[in-house]
Amino acid sequence: SVYSFGTICLGSLLVAILQVLQVLVRMARQQREENNNNNRRSRSGGSIWWCLLELIVDYLEKLMEYINSWAFVYVGLYGYEYWTASHKVYQLFRSRGWSVILNDHLIARSLGMMQVF
């Protein structure tokens with residue numbers, strides 16, 4: 001059924017917004033570097049900030065994708081809306097600590113290794 005289609009679209013829209021923001025930051029950083037290459041006298045200290053901003057946006061995108069994967073499970077199992085499901089995921093991480101995230105990564109890597117053999 002398409003009961004949760006709007007919720008999935010909202011989660012995907014938030015990731016898409018972060019991806020567009022990442023492209024804009026990357027383009028601005030590259031333009032700044034090109035301008036610095038054309039003007040030898042200009043200082044390149046500002047490019048560190050652009051690089052840091054690109055890193056932050058990249059990690060926000062990865063975090064949003066990870067939270068979406070858990071939130072979509074809550075949406076599918078319990079029929080929550082997106083914001084409620086995201087809040088439940090946050091409560092899960094807060095109550096269980098980082099053990100849930102660690103287990104998720106260990107299981108994924110173990111299953112990946114099993115595919116090799």
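Q: What makes Tyr74 and Tyr78 about one helical turn apart?
A: In this predicted model, Tyr74 and Tyr78 both belong to helix α2 and are 4 residues apart, so about one helical turn separates them.

Q: Why is the aromatic pair of Tyr74 and Tyr78 called tilted?
A: Start with the distance: the ring centres are 5.7 Å apart, and rings pair if their centres lie within 6.5 Å. Then take the angle: the planes stand at 50°. Stacked needs under 30 degrees and edge-to-face needs over 60, so the rest count as tilted.

Q: How do you know whether Tyr74 and Tyr78 are buried or exposed?
A: Tyr74 has 16% relative accessibility. Buried means under 20%, so Tyr74 counts as buried. Tyr78 has a relative accessible area of 54%; exposed means over 50%, so Tyr78 is exposed.

Q: How many aromatic pairs are there by this rule?
A: The count comes to 6 aromatic pairs.

Q: What makes Tyr66 and Phe93 a stacked pair?
A: Their ring centres are 6.2 Å apart, which is within the 6.5 Å limit. Their planes meet at 20°, and under 30 degrees counts as stacked, so this pair is stacked.

Q: Why does the pair of Tyr66 and Phe93 tie together parts that are apart in sequence?
A: Tyr66 lies in helix α2 (residues 46-78), while Phe93 lies in helix α3 (residues 82-96), so the pair links parts 27 residues apart in sequence.

Q: Why do Tyr66 and Phe93 count as buried?
A: Relative accessibility is 16% for Tyr66 and 15% for Phe93. The cut-off for buried is under 20%, so Tyr66 counts as buried, and so does Phe93.

Q: Which residues form one aromatic cluster?
A: Tyr66, Trp70 and Phe93 make up that cluster.

Notes. Residues are numbered from 1 along each chain as its sequence is written. This is a predicted model: local features need pLDDT of at least 70, side-chain atom pairs count only at pLDDT 80 or more; totals for chains, interfaces and linings use all residues. Side-chain values use heavy atoms; hydrogens and water are left out. Helices (H or I, at least four residues) and strands (E, at least two) are DSSP runs, numbered from the N terminus. Buried means under 20% relative accessible area, exposed over 50%, partly exposed in between (1.4 Å probe, protein chains only).
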